[in-house]
Amino acid sequence: MSFRARSELLQLLRQRLEQLKSQVQQHDQSLANNTTQALNHQQRFHSALFDHTGASLAQCLQRLEQDLQTLSRLSQASDSGDTFELVCQQFSDRYQAVMQAMSATGLQAAGARFSSRRKGLPRQDSKYQWIARSVMQNSHSAYEELRKHQNWANRLQQKIHELEQKLDLHQGTEKITLQNEILATQKRLGRCRQAMTYIEERIARLEKGGQKH
């Protein structure tokens, strides 16, 4: 890519970022209090895109600004062609991710509120309601349930590995879709591991109770 082509592309990306700043400002100003509370500390992007949590998207603009600063430096270097194009692609991926996040804020907030209500149920084990209560009444069946969750965890880890291998083969919206799928699978893996801890603690209580007899 020639110096002139780089300069023209950089100017176009700056214009897009300025437009995005206006949209993000409107988005953040229109956030309802319950939406802000629901998405507080919620991870909304794959870690390869943004290290960011919460409903406001203003922090994402800072990362995009850094990309443009990097591109501005690279545009003047004669031997930075591949790196320049790579950073352009990263900027494009982040830009599209923010656009998608703005349109998905309401849906994500609703999902977070639903999860929060489930966690607030009075039974301590209510968030593991997919585990049959009868299964947890003796250590033998609980061990079977633990092995089942260990197998699920292994499959989820394998799925994450396979999805991450595909990332470099895709660009644009397809890559963002993959990154979102990885994030969702990582959350499922986290819940699975939490359930495994719960089952292990239940087994310990059952075996401790059995020793008293």
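Me: Let's start with Tyr 95. Why does Tyr 95 count as buried?

Reply: Buried means under 20% relative accessible area, exposed means over 50%, and partly exposed is in between (1.4 Å probe, protein chains only). Tyr 95 comes in at 15%, so Tyr 95 counts as buried. Phe 91 has 1%, so that one is buried too. Before we go on: this is a predicted model, where local features need pLDDT of at least 70, side-chain atom pairs count only at pLDDT 80 or more, and totals for chains, interfaces and linings use all residues. Residues are numbered from 1 along each chain as its sequence is written, and side-chain values use heavy atoms, with hydrogens and water left out.

Me: What makes Phe 91 and Tyr 95 a stacked pair?

Reply: Rings of Phe, Tyr and Trp (its six-membered ring) pair if their centres lie within 6.5 Å; planes under 30 degrees apart are stacked, over 60 edge-to-face, and the rest tilted. The count here is one aromatic pair. Its rings, Phe 91 and Tyr 95, are 6.3 Å apart centre to centre, with 20° between the planes, so they pair and they stack.

Me: Where do Phe 91 and Tyr 95 lie?

Reply: Both are in helix H4 (residues 81-119), four residues apart, about one turn of the helix. Helices here are DSSP runs (H or I, at least four residues), numbered from the N terminus.

Me: How do you know that Arg 6 lies over the face of Phe 84?

Reply: A charge sits over a ring if NZ of Lys or CZ of Arg is within 6 Å of the ring centre and within 35 degrees of the ring normal. Arg 6 lies over the face of Phe 84 at 5.4 Å from the ring centre.

Me: What does Ser 75 touch?

Reply: Contact means heavy atoms within 4.5 Å. Not counting residues up to four places away in sequence, Ser 75 touches Phe 3, Arg 6, Leu 10 and Phe 84. Ser 75 is found in the loop between helix H3 (58-74) and H4, and its relative accessible area is 4%, so it's buried.

Me: And how many disulfides are there?

Reply: A disulfide is a pair of cysteine sulfur atoms within 2.5 Å, and by that rule the count is zero. Still, Cys 60 has a relative accessible area of 1%, so Cys 60 is buried. Cys 88, at 12%, is buried as well.

How values were computed: Helix = DSSP H or I, 4+ residues; strand = E, 2+ residues; numbered from the N terminus.
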